[in-house]
Amino acid sequence: MPRSGMKTAGTALAALCLFPFATASADPAPHAAAPQSPAPKKEVFFDDFNGDGLDQSKWQTEVTGENFDTTNGENQAYVNSPDTLYVDHDDASTGAKNGALAIHPRSTPGFQAPDGKSYDFQSARINTKDKFEFTYGSYEARLKLPEGANAKGLWPAWWSLGSNIDEVSWPNCGEVDSMENVGEPWTSSSIHGPEYHGNTPYTNKQNFEGMDPADWHTYKVDWTPDGFTFSIDGKQYLQTTKQQIQQGGGNWVFDNPQFLLLNFALGGQYPNGSNGISEPYYGLSQDAVDKVKAGNVRFLVDYVRVEQN
């Protein structure tokens, strides 16, 4: 979900870490020191969306034409409305635990944003900028994709941006795409920086092997001074290191705080790069449009958690 610039699927440079098996001695040295357990991680951010609405102490909404300008050729306006962003407490229906955040795009032909531009759809985008920002740690979200990841051009995302974006601009601030889906049975994760953005080589897809895309899944990122590791339901599918980026001629810009984002776009450059659709909307299929009009399309978030050592 780049702030600007075209984004298409690239070639993964995932590093495979192989760990040799170790065998224990039958007669260990009597004075051998006992192995120390790693320090427990501390939860520094958690939201399980169990209130009456969005927790304003943790999140802020972005509004097209006020504090957000449309990017990536997307077709929706982001608004601050309970029609597009709300907490659903019907756990039996959603499958969540203790409530779920729903980002629910709506068909609103001819809607005029505060900047005077017209949009046929409304949706929501939220972030933690100036409310919660962090450097290094493990962060995860339990998410349910809209329409079982089966409506081309629907573009929900969970990601982060460098908190210094206002000073250095995108992509110099750095961007980490924890999960993106474009209405097809796969998700992608990517790293964007000054020399590697848009069609970044530091990306990979996972195809829900042995899993149902329509189910709830937990997407996790482990961020250290040495790099990033991405996983779904505990299964790693991408590792990008500082060394890789520097050896590839890129600048490592991930030693500064980042803030979290959740949003749901409709069409745009990244979906178009996968589906090639230009009608009825750029990157957005008629099937997806019909489902949005019927009110059936939602991106659900059970919780978001950040832990640090």
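**View 1. S3 and strand S7 (residues 118-123) run parallel to each other and are joined by three bridges.** Two strands count as paired if DSSP finds at least two bridges between them. Strands (E, at least two residues) and helices (H or I, at least four) are DSSP runs, numbered from the N terminus. Look for Tyr-78, whose bridge partner in S7 is Ser-123, and for Gln-76, which stands opposite Phe-121 in S7. This is a predicted model, in which local features need pLDDT of at least 70 and side-chain atom pairs count only at pLDDT 80 or more, while totals for chains, interfaces and linings use all residues. Residues are numbered from 1 along each chain as its sequence is written, and side-chain values use heavy atoms, with hydrogens and water left out.

**View 2. The open sheet here has three strands, in the order S3-S7-S6, with mixed pairing.** Strand S3 (76-78) and strand S6 (106-112) are the edge strands, and each pairs on one side only. From one strand to the next, the twist averages 50 degrees; axes are lines fitted to C-alpha atoms, for helices over the stretch in contact, and angles run from 0 to 180 degrees between N-to-C directions. Strands of a sheet pair through backbone hydrogen bonds, either parallel or antiparallel.

**View 3. S6 and S7 form a hairpin with five residues between them.** The two strands run antiparallel and are joined by four bridges. In the turn, Gly-116 has a positive phi of about 90 degrees.

**View 4. Which residues of helix H5 (residues 286-293) are buried?** They are Ala-288, Val-289, Lys-291 and Val-292. Buried means under 20% relative accessible area, exposed over 50%, and partly exposed in between (1.4 Å probe, protein chains only). Seen down the axis of H5, the buried residues fall within an arc of 165 degrees, so they line one face of the helix; the arc is that of the directions from the helix axis to the C-beta atoms. Their cover includes S6, S7, strand S10 (154-162) and strand S17 (258-266). Just after H5 comes Gly-295, with a positive phi of about 80 degrees.

**View 5. Asp-88 lies in strand S4 (residues 85-88).** Asp-88 is buried, with a relative accessible area of 13%. Its side chain makes a polar contact with the side chain of Arg-298 (2.8 Å) and also reaches the backbone nitrogen of Asp-90 at 2.8 Å. A polar contact is a pair of N or O atoms within 3.5 Å; within protein, one must be able to donate a hydrogen and the other to accept it, and residues adjacent in sequence count only if both atoms are side-chain atoms. Leaving aside neighbours within four places in sequence, Asp-88 is in contact (heavy atoms within 4.5 Å) with Thr-94, Gly-99, Ala-100 and Arg-298.

**View 6. Seven strands form an open sheet with antiparallel pairing, in the order S2-S8-S17-S10-S11-S12-S13.** Strand S2 (60-61) and strand S13 (203-206) stand at the edges with a single partner strand each, so one side of each is left without a neighbour in the sheet. Within the sheet, four bridges join strand S11 (residues 175-180) to strand S12 (residues 187-192). Glu-175 has His-192 in S12 as its bridge partner.
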